[in-house]
Amino acid sequence: MATETAANNNKSVLWDWLTTVDHKKLAVLYLIAGALFFIKAGAMAIFMRIQLMSAENTFLSGQTFNEFITMHGTIMLFLAVTPLIFAFMNFAVPLQIGARDVAFPFVNALGFWIFFFGGLLVSLSWFFGGAPDAGWTAYVPLSSGEYADLGLDFYVLGLQISGLGTLISAINFIVTIINMRAPGMTMMRMPLFCWTGLVTSILIVFAFTPLAAGLALLMLDRIFGGQFFMPDAGGNPVLWQHIFWIFGHPEVYILVLPAFGIISEVVPAFSRKRLFGYTAMVFATLIIAFLSFMVWVHHMFTVGIGPITNSVFAIATMAIGVPTGIKIFNWLFTMWGGKITFNTAMLCASSFVPTFVLGGVTGVMLAMVPVDYLYHDTYFVVAHFHYIVVGGIALGLLAGTYYWYPKMFGHKLNEKLGQLMFWLFYIGFHLTFFIQHILGLIGMPRRVFTYLEGQGMETMNLVSSIGAFMMGAGVVVLLINIVYSAFTSERITVRDPWDARTLEWSTTTPVPEYNFAQTPQVRSLDPWFYEKVHGEGLMKPAEPMDDIHMPNGSILPLTIGLGLFVWGFGMIMLEMANPIITPWIVIGTGVIITFGSMLLHSIHEDHGYHIPLDKIKKIEKEVG
Amino acid sequence: MSDSVDVSKGLPPNPEKATLEGKNKFLGFWVFLGGETIMFATFFGTFLGLREGTAGGPSAEELFSLPLVFLMTMLLLTSSLTSVLAMFSMKKNNFRNMIILTVITVLLGFGFLACEIYEFYEYVHHGGLGFTTSAFGSSFYSLVGLHGAHVTFGLFWFITLMIRYSRTGITLTNAPKFYVASLYWHFIDVVWVFIFTVVYLMSIGGA
Ligand code: HEM
Ligand SMILES: [Cu+2]
C-alpha cells in the first residue's frame, strides 16, 4: 500500500488534475470552468449593451443579437452559476459536515466532466453556422426545425449532456449530506449552507429530469421527425412551455438557495453572532422548495390558459413571498446588535438583502395576473430577474469567494481591490437594472435588438449601458485582484483566519487531502465556535488516529464525458448538410467510448488505498 | 471511512447494506429512481396530452391488442417475482440460487422485449402508425420505447454482473450491486404497470 501512495506522487500535475476525485480539487476545477463561462457570457452582455446604447444602432445585427441573448442566458444559468455553486458546495459541504470526502468521489468527478463537455458542446455552435437564437427558453415554434438552424441542436444536446452531469452531482450531494455526517452532526446542527445545498440538490433531481425529457422531445422533433410540438400533426406547442417552466421555475430556486446559504454563513461570521432563527431558516428553505414546484404557470399567464388556473398560480406565487420574507428578517436580525466587520465578503452579503427584496417585490408585482399582461416580455421582467440573479446570486457568490478563498487557496484576496470591486459592481448593477424597470413600464420590449428614436428611451438605455460597463470593470478588478493577491498576499497558516463558526475552519490550512486526521465529534450548532468558547479550542476527535482509506483517482470520468460529447456531436451531424464523416460512425464511437468506460469502471473493482498512520502524523505536524 | 465489517462468521443478514459504501449506493439509487419517476411522469403527461392528436392517422382504439399486452405484462411481472426471490437467496447467502433466479429474470425480460419489438413492427408495418405519423405516434413510441430502453439496459446490467462475479460468490462489494440492479428492475416493472393502465387500458376503455 505504501508503494501505491508513492506511485501517486510521481505522476505529473496535469494528470493529477485530470484524474482527481478529491472534492477540494474538483471545487477548483468547477470554479475555473464556471468563471470562464461567466466571463464569456458577461462579454456578450457588454456587447448587447453597446448595441442598445443608442437608438437604431447597428453594432450588432438582429441575428447576432438573438444569438447573444440566447447564449448569455443559457450560459449564465447552466454553465456559469450552476458550476460556481457546485464549486462552493464541493469545497465546503464535506468540510462543514466533518466528512473526508463526498459519498461517491468517482461520481463527483464524473459530474464535473460531463457538465464540462456538455458546456463545450453548446459553445461549439459558434463554429458551425451560429449559436442558438431562440432565447434560453427555446419556445417552439421558434426553436423548431422550421425556424432554427443547427445552433439549436447544439443547445438541445449540449444542455442534455451538461444537465446529466448536474443531475448525478446532485444525487451525490444528497447522499453525502444524509449519510456522511460526522458523529453528533445532526440534521438540525448542519450549517445552513449544507441545508440549502441539500434542498437545491433535491430540486435538481426533480427539476432537471423534466428538462431532460423536454429536451429529448425537442431533439426527437428536430432530428427524427417527431410531431410533439407540431400543431398540423396533432402536436401542441404549449406543452413545451409547460415542461420548460416546470423545470424553469424550480431552476431559479436551485440557483438562489445556495446563495441564501452562503449569505447565512457570511452574515453570522462577520456579525459575530449566531444566525438568528436557525430553525425558521431551515423550514423556510423547505417551504420555498415545495412551493417552487407549484408556480410555473406564472411564466405563462399571457398564454391564455384561463382565469381560474391563472388565479391559483398567482396566489401560489405570492405565497412564496412569505418564507422568503422570513429569511430576510432573519438576516437583518442576525446583523442587529452584532459587531459587524464590513470587509468585502460582508459588504456583498449585507447588500444582497436589499437588492433581493427589490427583486422579490417586483416578483410579487408580476404575479398579479392583470398587470402581468402589461409587464410580460418587457424590460420590467428583465429588471426583475436580474435583481435576483445578479443582486442576489452573483453577490452571494462573490461573498462566498472572498469568504472561502483563504481556505481554498491559502491566502486572502486583497481588501482594497475587493472593496473597489464591490462598489463598482454594486453601483453599476443598480445603474444598469433599476432604470430597466422604467424602460419596461414605458413599453420597451425585451429581446429586441434595437428601438426607434424619439420614444424617450435613449437616455435611460445609455445610463443602463454605462452601468453595465461599470460592472464589467468590477469583474476586471476581481480578476486583477486574484493575480495580484497570489503574488503579494501573505500565506495563511492559521486554521481560522476569520474567527468563524463552522467546521471547515477547524481544519488546517491548506486542508490535507483527507480533511480530518480524526473525524471530529460535534457537540452543538456552530461546532467550531462552541469548542473555541466552551471547549479547548480544537475539535474533540470521535475516533483514534488510524490509517485513512482514500479513493484512487481515475481518468474514466473524463473519458465518459468525452464519449458523451462525441456521441452528442454525432447526433448533431445528422442535421448537417454534408458532414465529412458518416454521423452514425461518430455516434457509434461516442457510444463505445461512453459505455466502454462505464463497463471498465464497473468490472474493475477499485478498493482505493490507505494513507499510513506515520505519514498522517508527519503531515499533521507540518501543517499544524 | 472505516467500514470494517466482521465477516469471519459469514455474511451479515443484509449484506447489501452492511458497509457504508453499500448504504450510500442504496440511498443514491433511491434518489436516482425518484428522478426517473419524474422523467417518466413527463413522458406520461406528454402522452396524455397528445393521444388525441392522431392527425387523421390510426388511433389507439384501432391499433392496440390487449392479449399481446397482457402477455407482456405477465412476463414482466413474473420476472419481478423471480428477481425478488433472487434477492432472498442473496440474503440467505445462496449464490447458486441467486444466479439461477437472475438468469430466469433475464430470460423473461428478453421475452418481454421480443414481444415489444413484434408489437412495434406490427404497428408500423400493418397498422400504419410510424413515429412521425402523428403526435400520438410520437408520444406513444417515445414513452413505451423509453421503457423498452430501460428494460434493455437492465438486462445488460444483470448480464454484466453475472459474468463479472460468476466465480466470487456473494461478497460485501457485489451484494449492493446485485441489490441495486434488482431495485432498478422492480422500478421498470412498476412503470410498466402504469403504461399498461394509462396507455393501453385507458385508451381502449375510452377513459
Ligand atoms: C418572491 C419571489 C419571486 C416571485 C414572486 C417571482 C415572480 C416572477 C414572475 C411572475 C415572472 C414572470 C414574468 C413574466 O414573464 O411576465 C418571473 C420571471 C422570472 N423570474 Fe421571478 N419571481 C421570484 C423569484 C425569482 C428568483 C429567486 C429568480 C432567480 C433566481 C427569478 C428569476 C426569474 C427569471 C429568470 C424570470 C424570467 C424568465 C423568462 O421569461 O425568461 N425569480 N418571476
Ligand atoms: Cu418563476
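## Where chain A meets chain B

Contact means heavy atoms within 4.5 Å. In this predicted model, the contact takes 36 residues from chain A and 33 residues from chain B. About 2800 Å² is buried between the two chains. Carbon and sulfur atoms give 73% of that area. On the chain A side, A:Asn179, A:Phe228 and A:Glu605 lose the most area to chain B. Together they make up 16% of what that side buries.

What polar links cross this interface? Six residue pairs are in polar contact, both residues at pLDDT 80 or more. The salt bridge count between chain A and chain B is zero. Four helices of chain A each supply at least two residues to the side that touches chain B: helix 6 (150–179), helix 7 (192–224), helix 8 and helix 18 (583–603). Helix 7 gives the largest share, nine residues. By class, this side of chain A has 22 nonpolar, eleven polar and three charged residues.

## Two domains in chain A

Domain 1 puts 24 residues into the contact, and domain 2 puts in 19 residues. Between them they bury about 2000 Å², with 83% of it on carbon and sulfur atoms. In domain 1, A:Phe106, A:Phe117 and A:Asp606 lose the most area to domain 2. Together these residues account for 26% of what that side buries.

The two domains share zero salt bridges. Two residue pairs are in polar contact across their interface, both residues at pLDDT 80 or more. Helix 5 (105–124), helix 6 and helix 7 each supply at least two residues of the domain 1 side. Helix 5 gives the largest share, nine residues. The domain 1 side has 19 nonpolar, two polar and three charged residues.

## Around ligand 1

Ligand 1 has 22 residues around it. Which come nearest? They are A:Val252, A:Asp372, A:His376, A:His384 and A:Arg446. Two of these names return in the polar distances. A polar side-chain atom of A:His376 lies 2.7 Å from an oxygen atom of ligand 1. For A:Arg446, a side-chain N or O atom is 2.8 Å from a ligand oxygen. A:Trp136 also has a side-chain N or O atom 3.0 Å from an oxygen of ligand 1.

Helix 8 (237–271), helix 11 (344–366) and helix 13 (379–409) of chain A each bring at least two residues to the shell. Helix 13 supplies the largest share, five residues. The shell divides into twelve nonpolar, seven polar and three charged residues.

How values were computed. Residues are numbered from 1 along each chain as its sequence is written. Chains are lettered from A and ligands numbered from 1 in the order in which they are written. This is a predicted model: local features need pLDDT of at least 70, side-chain atom pairs count only at pLDDT 80 or more; totals for chains, interfaces and linings use all residues. Side-chain values use heavy atoms; hydrogens and water are left out. A residue is near a molecule or strand if one of its heavy atoms lies within 4 Å of it. A polar contact is a pair of N or O atoms within 3.5 Å; within protein, one must be able to donate a hydrogen and the other to accept it, and residues adjacent in sequence count only if both atoms are side-chain atoms. Ala, Val, Leu, Ile, Met, Phe, Trp, Tyr, Cys and Pro count as nonpolar, Asp, Glu, Lys and Arg as charged, and the others, Gly among them, as polar. Buried area is the accessible area (1.4 Å probe) that two parts lose on being put together, summed over both. A salt bridge is a side-chain nitrogen of Lys or Arg within 4 Å of a carboxyl oxygen of Asp or Glu.
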